[in-house]
Amino acid sequence: MTIYEQLLKVKDQKGSGYFVLIDPDKKSEADTLKTVEACVAGGVDAILVGSSLLLSQRFNSTIKQIKTEFNVPVILFPGSTIQLSEYADAVLFLSLISGRNPEFLISTQVLGAPIIRKMALEAISTGYMLIESGKTTAAEFMSNSKPIPRDKNDIAVAHAMAGEYLGMKMIYLEAGSGATHPVPEEMIEAVSGYITIPVIVGGGISTPEAARRKVEAGAAFIVTGNVLEASENIGLIKEFSDAVHWKNPTVETHFLRKVK
Ligand code: 1GP
C-alpha cells in the first residue's frame, strides 16, 4: 500500500488525520526524536519534515534516525530541492498554485523530479495554496507570491478545483507557519465542498479546539508545527490527536515499515 493510500485509510477510519511538522532548524536531533516519540505515543498519523531555509546539517541523519527508531511515516514538506532525503517515505510534491511565480509552479519541480526518482520516494502531488493570514509569512516572502485573500472563498474554490482537474491528489490550504489567523472555517468548508480530494489545513493552529473546528469544516488532515516547538506543549499532542480523530480516536493504524 502506498503512503497516500495509507493516509486515505486513516481519514476513512478516524474521520481526519493529524500531521506534526518538524523543522530541523528549530530543534536539536535529541529534541526532535523526543518530539517524534511523543507524537507516536499521542497517535499522530505522520511526521512532516520541512523548513523555510534549512540550515541544519543534520537533516538526513535525523530522518534516518526517526525511521530507525519509530514506525511512523515521514513525509517531506520541502521548501526547496535540498530538502529531499532518501530516508523519508514520501514527499508532498508541491506546486504553489495560488501564486503566479513559475519557479514554484513548475521550475523547482523539474529540478526535484529526477532526485525524487533516484531516492525512490513516493511523490504525492499536492496543490499548495497560500491564504492571507494577517501578516507576511515566510512562505509568502520566500515564494515571492501573493496569498489568496482570506475572504475570497470563490477564488480559493476555483484554485482547488483547478488543482483537482490537473490531477493533484491533495490540496494544502496554508496560512503560513506561525500565522496570526489560521485558514477560516468558511473557506475550508467551501473548498472541501467542491473537491473530492483531501484538504490539508495548516498554519497558526494553536489549540485542539481550533483543530477540531477546522476538521468539522471539512479538513481531512490538520498540520501543526510551531505550537509543539515549545517543549512544555508536547503534552498537547494527544489532545490535538483526539480532537482531530473525531470518528474513532482509539483505532490504531499499522503502517508498513520502511527503513532504507
Ligand atoms: C506551516 O502549516 C504549517 O507550513 C504549520 O504551521 O507552524 O503555524 O503550526 P504552524
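Begin by selecting Phe-77, Tyr-128 and Tyr-172, which ring pairs link into a cluster; bear in mind, as you look, that this is a predicted model. A pair of aromatic rings is described by the distance of the centres and the angle of the planes, and in this structure the count of aromatic pairs comes to five.

Next, keep Phe-77 and Tyr-128 in view: their ring centres are 5.7 Å apart and their planes stand at 80°, so the pair is edge-to-face, since an angle over 60 degrees counts as such. Phe-77 belongs to the loop between β3 (74-76) and β4 (90-96), while Tyr-128 sits in strand β5 (residues 122-130), so this pair ties together parts that are 51 residues apart in sequence. Both Phe-77 and Tyr-128 are buried.

Now turn to Phe-77 together with Tyr-172, where the ring centres are 5.1 Å apart and the planes lie at 10°, so this pair is stacked. Here, too, distant parts of the chain are linked, with Phe-77 in the loop between β3 and β4 and Tyr-172 in strand β6 (residues 170-174), 95 residues apart. Both Phe-77 and Tyr-172 are buried.

Finally, display the largest pocket, which has a volume of about 960 Å³. It is lined by 50 residues, and those nearest its centre are Ser-51, Phe-77, Pro-78, Gly-79 and Tyr-128. Among the elements that give two or more residues to this lining are β1 (17-22), α4 (102-119), β5 and β6, while the largest share, six residues, comes from β4. If you colour the lining residues of the largest pocket by type, they divide into 22 nonpolar, 23 polar and five charged.

Conventions:
Residues numbered from 1 in each chain as written. Predicted model: local features only at pLDDT ≥ 70, side-chain atom pairs only at ≥ 80, totals over all residues. Heavy atoms only, no water. Phe/Tyr/Trp six-rings, centres within 6.5 Å; stacked < 30°, edge-to-face > 60°. Helix = DSSP H or I, 4+ residues; strand = E, 2+ residues; numbered from the N terminus. Buried < 20%, exposed > 50% of the residue type's maximum accessible area, 1.4 Å probe, protein only. 1 Å grid on protein atoms, 1.4 Å probe; cavity = no way out; pocket = protein on both sides within 12 Å on 5 of 7 lines; lining within 4 Å. Points joined across faces, edges and corners; volume = space filled by probe spheres on them. Nonpolar A, V, L, I, M, F, W, Y, C, P; charged D, E, K, R; others polar.
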